[in-house]
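Let's take a walk through this protein together. Have the sequence and the 3D view ready, and we'll go one stop at a time.

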Amino acid sequence: MLKKDWDYDCNASPKMDSEQQVKRKCELVKAMSQEYPVTTLCQIFEMNRSSFYYQSATNSDDEVKHTIAEIAAEHPTYGYWRITAMLHQQGQIVNNKCGLRLIRDFVLGGQMSEKKVSYYRQ
C-alpha cells in the first residue's frame, strides 16, 4: 500500500477526527510491520513511533463497582472511607478519591442510619 492509497483510505471520510486517524494509521503500520520496519512506516505515515506503541491504561471500574455493590449491600451504613478500606482488605487497590467518585456514581450517596434520639432532657 502506497502513501497515496493511504491518503485516499484515511481521508476519505471528512468526519474522521484526529483520534480515529491515529488509530487507522496504527492499524496500517501494524499490518505492514511484518514486511517493513516500524520506524520507516511511521515516517511514511507521518506519525511518532510512540503513538504506535502507545497502550492506554484502561482501568476497569466494573470489577470495583461490583465489589462496592456487594459491600454496600452487606453493610448499608458504611461510608466511602470504610468501603475503600474493605476494598484494600480484599486486595483491590483504590485511591480514596477514586473510591468516593465510584460510590457517588454507583450507590448515590449510600444510606444513612437513623439518628438516635435521647429523651433524657425534656
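How many residues apart are Lys23 and Glu19, and in which helix do they lie? They are both in helix 2, 4 residues apart, which is about one turn of the helix. Keep in mind as you look that this is a predicted model.

That spacing is handy to know about. An α-helix has 3.6 residues a turn, so residues three or four places apart point the same way. Side chains of opposite charge can then pair when their charged atoms come close.

Glu27 is partly exposed, at 47% relative accessible area, and so is Arg24, at 24%.

Now look at Lys25, which also sits in helix 2 (residues 18–32). Lys25 is buried but has no salt bridge, and Glu46, the nearest side chain of opposite charge, is 5.8 Å away. A salt bridge needs a nitrogen and a carboxyl oxygen within 4 Å. What Lys25 does have is a backbone oxygen, that of Phe45, lying 3.4 Å from a polar atom of its side chain.

Let's follow Glu46 for a moment. Glu46 is in the loop between helix 3 (38–44) and helix 4 (49–53), and it is exposed, with a relative accessible area of 60%. Its phi is near 55°, a positive value in a residue other than glycine. That's worth a second look, as most residues other than glycine have a negative phi.

What about disulfides? The count is 0. Cys26 is in none, and the nearest cysteine sulfur, in Cys42, is 7.5 Å away, which is too far for a bond. Both cysteines are buried: Cys26 has a relative accessible area of 16%, and Cys42 has 2%.

Our last stop is helix 5, residues 61–74, which reaches 20 Å from its first C-alpha to its last. Asp61, Val64, Thr67, Ile68, Ile71 and Ala72 are buried there. They sit on the same side of helix 5 because they cover an arc of only 135° around the axis. Turn to the face pointing away from that buried side, and you'll find the exposed residues Asp62, Glu63, His66, Ala73 and Glu74.

Methods: Residues are numbered from 1 along each chain as its sequence is written. This is a predicted model: local features need pLDDT of at least 70, side-chain atom pairs count only at pLDDT 80 or more; totals for chains, interfaces and linings use all residues. Side-chain values use heavy atoms; hydrogens and water are left out. Helices (H or I, at least four residues) and strands (E, at least two) are DSSP runs, numbered from the N terminus. The expected span of a helix is 1.5 Å times one less than its number of residues. Buried means under 20% relative accessible area, exposed over 50%, partly exposed in between (1.4 Å probe, protein chains only). The arc is that of the directions from the helix axis to the C-beta atoms. A disulfide is a pair of cysteine sulfur atoms within 2.5 Å. Lys and Arg count as positive and Asp and Glu as negative; His and the chain ends are not counted. A polar contact is a pair of N or O atoms within 3.5 Å; within protein, one must be able to donate a hydrogen and the other to accept it, and residues adjacent in sequence count only if both atoms are side-chain atoms.
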